Amino acid sequence: NNARIEDLAGIAYAPDADPDADGRLVLLSAQERMVLVYTLNGTLVPPTLRVDARRPQGIAVVPPRGGAHGAACFLLFVPPNVLQEYCAP
C-alpha cells in the first residue's frame, strides 16, 4: 500500500458484521482530512474518504444503523467541542 499517514489523529477498531471475520482498523489523518481503512494484516481497503472537518482530532466507530446490514458510521471529534457523524452511503 502506498498511503502514508504522518499526522495520525485517531485510530479505531471496526468489527466485521461476521463474527468469524477479522475487523478493520480505521485511521484518521488530521492534516489531510482523510479516513483510511486497513485490514488487520495492513492492506489498504479502498476508497479513502475525505472529510469536511477542520483539524479532526479523534475517531470512533459506531454500530451500523439499521442492524448489522445497515450503513457503517463513525464519529469525528473536532475541536473545540464538536462531534461530526459520517455514514457510508
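**Exercise 1. The hairpin of strand 3 and strand 4**

Task: In the hairpin of strand 3 and strand 4, which residue takes a positive phi, and how many residues lie between the strands?

Solution. 
- Step 1. Four residues lie between strand 3 and strand 4 in this hairpin. The model is a predicted one.
- Step 2. Glycine 42 takes the positive phi, near 95°.
- Step 3. Now check the pairing. Strand 3 and strand 4 (residues 44–50) run antiparallel, over four bridges.
- Step 4. Pick one partner pair. Methionine 34 has arginine 50 of strand 4 as its bridge partner.

**Exercise 2. The hairpin of strand 2 and strand 3**

Task: Which residue has a positive phi in the hairpin of strand 2 and strand 3? What is the sense of the strand pairing?

Solution. 
- Step 1. Strand 2 and strand 3 pair in the antiparallel sense, with six bridges.
- Step 2. One partner pair is arginine 24 with threonine 39, the latter in strand 3.
- Step 3. The hairpin has four residues between its strands, and arginine 33 takes a positive phi near 50°.
- Step 4. Arginine 33 sits in the loop between strand 2 and strand 3. Its relative accessibility is 33%, so arginine 33 counts as partly exposed.

**Exercise 3. Burial of strand 3**

Task: How many residues of strand 3 (residues 34–39) are buried?

Solution. 
- Step 1. Apply the cut-off: buried means under 20% relative accessible area.
- Step 2. Five of the six residues of strand 3 are buried.
- Step 3. Strand 3 is therefore largely enclosed by the rest of the structure.
- Step 4. Recall its pairings. Strand 3 pairs with strand 2 over six bridges and with strand 4 over four.

**Exercise 4. The salt bridge**

Task: How many salt bridges does a search of the whole structure find? Which side chains meet in a salt bridge?

Solution. 
- Step 1. The search finds one salt bridge.
- Step 2. Arginine 50 and glutamate 32 form it, at 3.9 Å from N to O.
- Step 3. The two partners are in distant parts of the chain, 18 residues apart: arginine 50 is in strand 4, and glutamate 32 is in the loop between strand 2 and strand 3.
- Step 4. Compare accessibility. Arginine 50 is exposed at 53% relative accessible area. Glutamate 32 is partly exposed at 39%.

**Exercise 5. A charged patch**

Task: Which residues form the negative surface patch? Is aspartate 18 buried or partly exposed?

Solution. 
- Step 1. The patch consists of Asp16, Asp18, Asp20 and Asp22.
- Step 2. Aspartate 18 lies in the loop between strand 1 (8–14) and strand 2 (24–29).
- Step 3. Its relative accessibility is 37%, so aspartate 18 counts as partly exposed.

Notes:
Residues are numbered from 1 along each chain as its sequence is written. This is a predicted model: local features need pLDDT of at least 70, side-chain atom pairs count only at pLDDT 80 or more; totals for chains, interfaces and linings use all residues. Side-chain values use heavy atoms; hydrogens and water are left out. Patches are made of residues with over 30% relative accessible area and no salt bridge: like charges are joined within 9 Å, nonpolar side chains (Val, Leu, Ile, Met, Phe, Trp, Tyr) within 5 Å. Accessible areas come from the Shrake-Rupley method with a 1.4 Å probe; for residues, only the protein chains shown count as cover. A salt bridge is a side-chain nitrogen of Lys or Arg within 4 Å of a carboxyl oxygen of Asp or Glu. Lys and Arg count as positive and Asp and Glu as negative; His and the chain ends are not counted. The place of a charge is taken as NZ of Lys, CZ of Arg, CG of Asp or CD of Glu. Helices (H or I, at least four residues) and strands (E, at least two) are DSSP runs, numbered from the N terminus. Buried means under 20% relative accessible area, exposed over 50%, partly exposed in between (1.4 Å probe, protein chains only). Two strands pair if DSSP finds at least two bridges between them.
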